[in-house]
Amino acid sequence: METAETNAKKILGDFFREARLDVDLTQAVVAEEIGVSLSRLKQFEIGRVMPRLTIAYQLLSFYDVDWDELGGVLEHLLFPDESDDTEASTPLPNSSMASGHAGRVTNRSRSETRMK
């Protein structure tokens, strides 16, 4: 039985594999350039492991893919029923307003949040 997390890993893996193929590079070249092991990159692409955001950002930069493209994939994963709407999607809150966990949006800085 496939879970939502497993499905998300596979979709993200496909996204990063397609981005690599679009720039016509081997996994070995990409792994060396961004500083991860070849086996780790393979795990990302087959959907076994989800890359950390820092690695995802490095991959996007290396492939010259806009962060918004990955955002669209993530939005579809998180809100599949809403992605069929023809209206423009709601942008994510800017980083100065977003802190906390589980999608909560506050105006507090990290230090103010820690003091609670």
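Trainee: Are Arg20 and Glu45 buried or exposed?
Mentor: This is a predicted model in which local features need pLDDT of at least 70 and side-chain atom pairs count only at pLDDT 80 or more, whereas totals for chains, interfaces and linings use all residues. Residues are numbered from 1 along each chain as its sequence is written, and side-chain values use heavy atoms, with hydrogens and water left out. If buried means under 20% relative accessible area, exposed over 50% and partly exposed in between (1.4 Å probe, protein chains only), then Arg20 and Glu45 are both buried.

Trainee: How many residues apart in sequence are the parts that Arg20 and Glu45 tie together?
Mentor: Helices (H or I, at least four residues) and strands (E, at least two) are DSSP runs numbered from the N terminus, and a salt bridge puts a side-chain nitrogen of Lys or Arg within 4 Å of a carboxyl oxygen of Asp or Glu. The side chains of Arg20 and Glu45 form such a bridge, with N to O at 2.7 Å. Since Arg20 belongs to helix H1 and Glu45 to helix H3 (residues 38-46), the pair ties together parts whose separation in sequence is 25 residues.

Trainee: What separates Glu5 and Lys9 along helix H1?
Mentor: The side chains of Glu5 and Lys9 meet in a salt bridge at 3.4 Å, N to O. Because the two residues are four apart in helix H1 (residues 4-22), their separation is about one helical turn.

Trainee: Which residues are linked with Asp14 in a network of salt bridges?
Mentor: The side chains of Arg17 and Glu18 meet in a salt bridge at 3.8 Å, N to O. Arg17 is partly exposed at 27% relative accessible area, and Glu18 is partly exposed too, at 38%. The network links Asp14 with Arg17 and Glu18.

Trainee: Which element gives the most to the lining of the second largest pocket?
Mentor: On a 1 Å grid over the protein atoms alone, a pocket is an open set of points where a 1.4 Å probe fits, with protein on both sides within 12 Å along at least five of seven lines, and lining residues have an atom within 4 Å of a point. Among the residues that line the second largest pocket are Ile11, Met50, Leu74 and Pro80. The elements giving two or more residues to this lining are H1 and H5. The most, five residues, comes from H1.

Trainee: Which loop holds Asp24?
Mentor: Asp24 is not a glycine, yet its phi is positive, at about 55°. Asp24 is exposed, with a relative accessible area of 67%. The loop is the one between H1 and helix H2 (27-34).
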